[in-house]
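Biologist: I'd like to learn how to read a model like this one, feature by feature. Could you walk me through it?

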Amino acid sequence: MKRWTYKFHLTKMLEQEKTQNKGNASLCPQEIRDWVAQLTLLKGVSLSCLVGDERQLPPESIRFFTVDKNWTNQLINGSFAVGAVSEKAETFNRLLGSGLQKTAQQDIYRPRQKRIHPNQRQFCKQSSNGSTDTTLTGFLLRSRLVGLWRGLESTALDAQGNPLDILRMEQLSAEILICIYQGKINRLVIREPAEGLRFGAQGDERTIRVRDIQEGKEGKPIPQKELHIGANALGKADILGLAQALKKQLNTNTLTSAELAMELIVAPGLGEFTTKEGKQNEPAATHHTLSDRNLCDKQ
Amino acid sequence: MPHSITLQAEKESCEMQFIQRFEPPIPAGCLKVKAEQQVEITGDAQEQDRMFTEKQFQIAYRAFTMDVKDVWSVSPASQDSGKFANQLPHITLKNKCFPWLYETKGQAPWVALLAVTHKEQQERDITIQELLEDGKEPYFPTQAQPSIYLEKGEDVCHVVDIDRSLFLQIAPNGEERSLLSHGKFLNLLNKSDDQVEMDGFFSCIIGSRFIPSETGETIPCTVHLVSMLGYEDLTSIPDTCKKVRLVSLYRWDVFSQGDAQEGFTSLMEELDCGTIGINCENDWLRQGYVPKRHLFRSGESTLSLYRGPLLPFENQNLLQESPKTSDGAMVFHPELGMFDVSFSTAWQMGRLLTLQDRAISEALVQWRKEKEKSLRRQDVDGFLRSMAKEAPASSELASKAVEAILTQIGGEDETLDV
């Protein structure tokens with residue numbers, strides 16, 4: 001009679017699996033991968049843990065940061081420690097869990113991407129620069145702006161001028177907004193929300209610059225064409241008079257609320273911030289400039 | 001077909017489309033649904049029959065109040081102060097059909113935005129029953145109100161009374177209201193996570209009056225979104241009445257200062273800009289560390305360093321092993337004689353966040369279990385194959401035995417006698 005002995009080595013098998021599926025995230029259910037991606041973006045981490053001291057984020061301030069990968073790795077380690085009471089589970093976490101931290105990079109877009117409304121998908125562009133820069137940077141904004149202007153918009157560019165993808169943008173409290181991007185922020189623009197653009201005129205004369213409505217040139221101001229918005233003694237604008245004048249200036253017979261709204265938009269306010277490259281372990285110097293340009297002015 | 005115009009700024013990911021109007025899917029009122037079926041039997045026994053059924057139903061919208069959740073934003077912002085003299089107030093609503101819910105003459109919107117100073121108006125809350133009583137002063141066009149509405153008689157609505165002469169001078173007529181309301185479709189991708197969930201459609205109502213202002217004085221002012229049902233023709237207001245009553249669906253206060261800086265830009269300019277570390281002489285503080293009170297498990301207390309996940313500079317990624325407890329991730333800085341509890345906090349935070357979410361903690365445990373099972377099966381399969389190679393005849397017997405092993409998961413070592 002022959003005798004066979006069977007032995008099962010979990011560690012050996014796990015190691016084998018790890019080398020075979022190098023960097024393959026399919027090892028793990030999507031549910032857990034999404035959770036790891038969320039942790040990498042610091043979802044659910046309380047504000048007091050994000051900012052240890054109020055002096056780091058005083059009222060009316062904006063603070064730029066880089067996300068500490070070591071910190072988020074420990075966050076994920078802690079998360080995997082749940083229910084890991086046996087040596088086996090620990091081996092498991094050590095060999096497969098740590099691999100997940102690297103593969104989380106592939107899933108990092110998902111938490112936000114999943115939420116995008118089907119109507120908005122047409123605006124999604126594939127990560128345009130395709131860069132392999134896995135650094136996560138961002139800013140914390142603590143200001144009355146956050147509460148007063150619902151729907152602030154932010155666009156960040158890297159040193160080469162490529163737009164960065166927003167991975168997370170969330171209002172943490174009435175006055176605090178956090179935004180995390182993939183890649184290093186070099187230039188940041190915060191804009192007034194487009195749905196809330198102000199309507200009105202410029203200067204005490206209440207003049208507007210006439211904007212083109214021709215196809216292909218929509219929104220471009222026509223040089224030397226200005227109109228004055230008349231108003232009665234109580235400040236009621238002469239809308240019909242304005243519509244007549246616009247029709248004449250634009251050589252058109254139809255002027256609807258859509259065109260009038262576009263003509264009446266006031267240049268949106270925006271704040272522009274530029275980061276200067278700092279030395280290793282030295283806080284980067286940051287300064288910001290402001291401009292109140294019209295989006296539509298750009299040629 | 002409503003008219004629309006699209007703004008597209010090249011390179012900038014900003015796009016918006018203005019749309020003249022949106023029709024509500026079904027207009028308010030009594031409606032009837034009729035279903036009819038015609039049955040025809042062909043062949044010898046020819047027969048024809050018609051059956052139909054009718055169902056009446058009503059579509060009603062709110063007419064005297066509105067859901068505040070429909071309001072997306074207002075401009076100038078509520079309670080904001082600044083130089084608003086050249087601004088027309090506006091309100092942006094998430095319900096894209098709202099301004100056109102009720103049919104009016106010339107398809108004009110049934111609402112308008114009126115900016116009045118506190119001196120020019122009297123506001124109060126009254127019940128809808130009281131509002132709809134005839135022949136009262138101030139004048140209110142009770143006859144022109146919709147016959148079907150969602151509110152009950154005892155529900156409270158907000159009314160604002162203003163002088164007839166003032167109303168006639170500041171209220172927009174139907175043609176003006178048509179020009180002052182529009183729909184919008186926007187790219188929301190540069191906005192926060194909860195806002196990218198929205199469909200991108202909004203409706204917008206612009207006020208017809210510049211916000212009342214005087215140089216050197218702060219003028220408190222309320223902007224009302226009022227129902228214009230019954231005020232479509234401004235000449236129909238009787239000359240005898242002194243005041244008119246308007247239903248205010250939504251309102252907010254702004255403070256116009258004749259010579260103050262404008263809101264958004266001035267707040268932006270005042271922002272203190274920098275990196276997350278505390279700007280001071282101390283290197284540790286500048287690098288994002290803060291001292292924190294630290295209570296040990298043994299009961300002692302000390303000061304330890306803490307740094308959150310946000311760094312003022314870019315650092316090296318050192319892939320660490322997971323400690324067994326949070327204390328295992330503490331770092332000692334001999335030059336300061338202090339502990340650094342940043343990573344222990346992170347570890348603990350990760351554990352707590354996972355425990356808080358039951359579904360994910362269960363999924364984690366389940367995953368480990370399943371993975372072990374599948375690895376074991378794979379291993380046993382390999383073992384079986386090698387056994388079958390050596391003794392083909394016994395392979396069937398062996399597979400039975402191995403099945404028996406698999407049921408007893410947990411044993412590390414099994415011996416088979418075949």
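Biologist: In which sense do strand β8 (residues 199-200) of chain A and strand β7 (residues 87-88) of chain B pair, and over how many bridges?

Modeller: Some ground rules before I answer. This is a predicted model, where local features need pLDDT of at least 70, side-chain atom pairs count only at pLDDT 80 or more, and totals for chains, interfaces and linings use all residues. Residues are numbered from 1 along each chain as its sequence is written, with chains lettered from A and ligands numbered from 1 in the order in which they are written. Now, two strands pair if DSSP finds at least two bridges between them. Your two strands are antiparallel, with 2 bridges. In that pairing, Gly200(A) sits opposite Gln87(B) of β7(B).

Biologist: How many helices and strands does chain A have?

Modeller: Chain A has 9 helices and 12 strands; these are DSSP runs numbered from the N terminus (helices H or I, at least four residues; strands E, at least two). Of its 299 residues, 41% are buried, that is, with 20 or more other C-beta atoms, placed from the backbone, within 10 Å of their own.

Biologist: How many residues does each chain bring to the contact?

Modeller: Contact here is a C-beta rule: the two atoms, placed from the backbone, lie within 7 Å. Chain A brings 132 residues and chain B brings 126. On chain A's side, α4(A) gives the most, with 12 residues. The side of chain A that touches chain B is made up of 59 nonpolar, 44 polar and 29 charged residues. As for the classes, Ala, Val, Leu, Ile, Met, Phe, Trp, Tyr, Cys and Pro are nonpolar, Asp, Glu, Lys and Arg are charged, and the others, Gly among them, are polar.

Biologist: At roughly what angle do the axes of α4(A) and helix α6 (residues 342-356) of chain B cross?

Modeller: Axes are lines fitted to C-alpha atoms, for helices over the stretch in contact, and angles run from 0 to 180 degrees between N-to-C directions. These two axes come within 6 Å and cross at roughly 40°. That makes α4(A) oblique to α6(B); the label is for angles left over once under 35 degrees is called roughly parallel, over 145 roughly antiparallel and 65 to 115 roughly perpendicular. Among the residues that meet are Trp71(A) and Leu75(A) in α4(A), and Phe343(B), Trp347(B) and Arg351(B) in α6(B). The contact has 8 nonpolar, 9 polar and 1 charged residues.

Biologist: And within chain A, which residues make the contact of α2(A) with α4(A)?

Modeller: The axes of α2 (residues 30-40) and α4 (residues 69-80) of chain A come within 9 Å and cross at roughly 140°. The pair is therefore oblique. Val36(A), Leu39(A) and Thr40(A) of α2(A) touch Thr72(A), Leu75(A), Ile76(A) and Ser79(A) of α4(A). That splits into 4 nonpolar, 3 polar and no charged residues.

Biologist: Which residue of β13(B) is the bridge partner of His90(B)?

Modeller: Ile206(B). β8 (residues 90-93) of chain B runs antiparallel to β13(B), joined by 4 bridges. β12 (residues 181-186) of chain B also pairs with β13(B) in the antiparallel sense, over 5 bridges, and there Lys184(B) has Phe202(B) as its bridge partner.

Conventions
Buried ≥ 20, exposed ≤ 12 C-beta atoms within 10 Å, placed from the backbone.
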